[in-house]
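The points are grouped by topic and may be read alongside the coordinates.

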Amino acid sequence: MAPLSPADREYDVVVIGAGAAGLFCASQLGQMGKSVIVLDNGKKPGRKILMSGGGRCNFTNLNIEPGAFISHNPHFCKSALARYTQWDFIELIRRYDIPYHEKTLGQLFCDNSAEDIVNMLLEECKLGNVKIALRQTIKSIEKLFDDAFSIGSQDGEIITKKLVIATGGLSMPGLGATPLGYQIAEQFDLPVYPTRAGLVPLTLHKPLLDHVATLSGISIASEVKSETGMTFKENTLFTHRGLSGPAILQISNYWKEGESLILDLLPGHSLKELLIHAKSSHPNQQTKTFISQLLPKRVVELFYEMNLLPVTTLAELSLQKIETIDQLLHSWAIKPNSTEGYRTAEVTLGGIDTNYISSKTMEVKSVKGLYFIGEVLDVTGWLGGYNFQWAWSSAYAAADAIIYEQ
């Protein structure tokens with residue numbers, strides 16, 4: 001991973017971006033005999049991989065399907081996902097004896113550390129004699145007359161027949177994210193859909209924020225629904241800025257500013273039936289005491305502080321009051337203020353218009369030899385390993401096309 005030398009001036013393939021997609025694509029190409037160099041602006045490869053999944057990298061999901069991906073062209077991801085599946089990547093993981101486990105909803109994590117994934121990718125690159133040049137600032141990219149590209153960095157010029165852009169999105173700028181991939185697309189007249197933070201915590205307006213902030217750190221099972229009807233049933237985490245946790249991160253991909261969310265804090269239960277039964281069997285019990293058996297006490301206290309729940313015994317609850325309580329806790333309407341933005345977002349929504357890219361090869365239809373893979377494209381997966389699988393699948397599609405000149 002040394003700086004470029006005067007000898008490093010011509011390669012079969014140049015890959016820009018040493019993240020999941022870039023490293024995997026480079027390794028596939030190198031092992032099939034292509035001379036490959038990966039250029040990256042960071043100090044070390046795989047920075048986002050190392051941070052993912054709480055440091056354990058949720059590297060894929062057992063339930064990968066096209067419906068879990070958001071794109072203006074929803075059919076685009078189907079070919080790549082079908083040709084290199086989660087089972088293919090799991091086989092690679094097993095070949096390296098990397099221990100892993102399944103969490104909820106088919107999510108697969110490393111037992112030890114995300115470093116296992118980065119080390120595997122680097123070893124795969126080493127097997128293919130792939131050169132990785134770090135701390136590279138891309139200053140220019142030019143298409144030459146003989147269907148080649150000239151890539152200029154602070155260390156000089158590189159010539160290549162095939163150029164793969166795997167620069168990722170704008171999420172987590174602290175890890176070196178830049179708009180370079182979108183700028184390259186625009187240079188070659190490719191439309192780019194507006195981008196925004198995805199899989200990201202939501203912030204709240206005052207005075208609700210002042211109340212919710214007191215619950216910071218509490219996580220509860222929930223079902224969250226957007227105004228468009230998209231629903232996710234996972235945990236919601238209260239934070240000092242608003243709401244986070246898997247359910248909120250998932251719904252953030254579908255939430256638009258100004259819209260409300262509906263939170264069911266007791267999914268799978270009928271609070272109305274529970275209250276009617278409790279009223280009959282424990283009429284003298286305080287309503288607050290009973291509800292505190294179903295939800296964290298501090299959450300129940302929040303609703304009382306906001307004067308949303310009645311201070312009564314169960315016996316004093318009318319059917320109308322029971323229905324009001326049921327409606328509140330099963331359909332709590334919250335209008336977020338905004339998101340926490342790219343700083344804490346796991347992915348970037350939007351990106352390069354895939355109608356201008358071959359779904360089979362990831363090659364730009366109008367520019368021979370130019371490929372885009374991974375997050376820089378307008379393809380965004382759900383939380384839970386879907387975006388890593390898109391990285392592996394799209395990288396494989398591009399590598400396969402280059403190897404066999406599809």
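A residue is called buried when its relative accessible area is under 20%, exposed when over 50%, and partly exposed in between. The model described here is predicted.

- In helix α6, which spans residues 180-187, the buried residues are Leu180, Gly181, Tyr182, Ile184 and Ala185.
- Directly following α6, aspartate 189 adopts a positive phi of about 65°.

**The largest nonpolar core**
- In soluble globular proteins, nonpolar side chains tend to be buried together.
- The largest nonpolar core holds 128 residues, and the members touching the most other members are Ile117, Trp332, Phe372 and Trp390.
- Helix α13 (residues 386-404) supplies the largest share of this core, with twelve residues.
- Setting aside residues up to four places away in sequence, tryptophan 332 is in contact with Leu208, Phe238, Leu261, Ile262, Leu263, Leu265, Leu302, Phe303 and Gln327.

**Packing of α4 and α5**
- Two packed helices are described by the angle between their axes and the distance between the axes.
- For helix α4 (residues 86-95) and helix α5 (residues 115-127), the angle is about 90° and the axes lie 11 Å apart.
- Angles of 65 to 115 degrees count as roughly perpendicular, and α4 and α5 are therefore roughly perpendicular to each other.
- The contact is formed by Phe89, Leu92, Ile93 and Arg95 of α4 with Ile117, Met120 and Glu124 of α5.
- By class, the residues of the contact between α4 and α5 comprise five nonpolar, no polar and two charged.

**Cysteines**
- A disulfide is a covalent bond between the sulfur atoms of two cysteines.
- With a cut-off of 2.5 Å between cysteine sulfur atoms, the count of disulfides is zero.
- Cysteine 110 takes part in no disulfide, and its nearest cysteine sulfur, belonging to cysteine 57, is 5.3 Å away.
- Cysteine 110 counts as buried because its relative accessibility is 0%.
- Cysteine 125 is likewise in no disulfide; the nearest cysteine sulfur is that of cysteine 25, 9.6 Å away.
- Cysteine 125 counts as buried because its relative accessibility is 1%.

**Backbone features in loops**
- Lysine 206 and proline 207 are joined by a cis peptide bond with omega of about 5°.
- Proline 207 is placed in the loop between β12 (202-204) and α7 (208-212).
- Arginine 135, a residue other than glycine, has a positive phi near 55° and is found in the loop between β7 (131-133) and β8.
- Arginine 135 counts as exposed because its relative accessibility is 52%.
- Methionine 172 is not a glycine, yet has a positive phi of about 55°; methionine 172 lies in the loop between β10 and α6.
- Methionine 172 counts as buried because its relative accessibility is 18%.

**Tyrosine 356**
- The loop between β19 and β20 contains tyrosine 356.
- Tyrosine 356 counts as partly exposed because its relative accessibility is 37%.
- Apart from residues up to four places away in sequence, tyrosine 356 touches Leu190, Pro191, Glu363, Val364 and Lys365.
- From C-alpha to C-alpha, tyrosine 356 and lysine 43 are 32 Å apart in space, and in sequence they are 313 residues apart.

Technical notes. Residues numbered from 1 in each chain as written. Predicted model: local features only at pLDDT ≥ 70, side-chain atom pairs only at ≥ 80, totals over all residues. Heavy atoms only, no water. Buried < 20%, exposed > 50% of the residue type's maximum accessible area, 1.4 Å probe, protein only. Helix = DSSP H or I, 4+ residues; strand = E, 2+ residues; numbered from the N terminus. Contact = heavy atoms within 4.5 Å. Axes fitted to C-alpha atoms, helices over the stretch in contact; angles between N-to-C directions. Parallel < 35°, antiparallel > 145°, perpendicular 65-115°, else oblique. Nonpolar A, V, L, I, M, F, W, Y, C, P; charged D, E, K, R; others polar. Core = buried A, V, L, I, M, F, W, Y, C linked by side-chain atoms within 4.5 Å.
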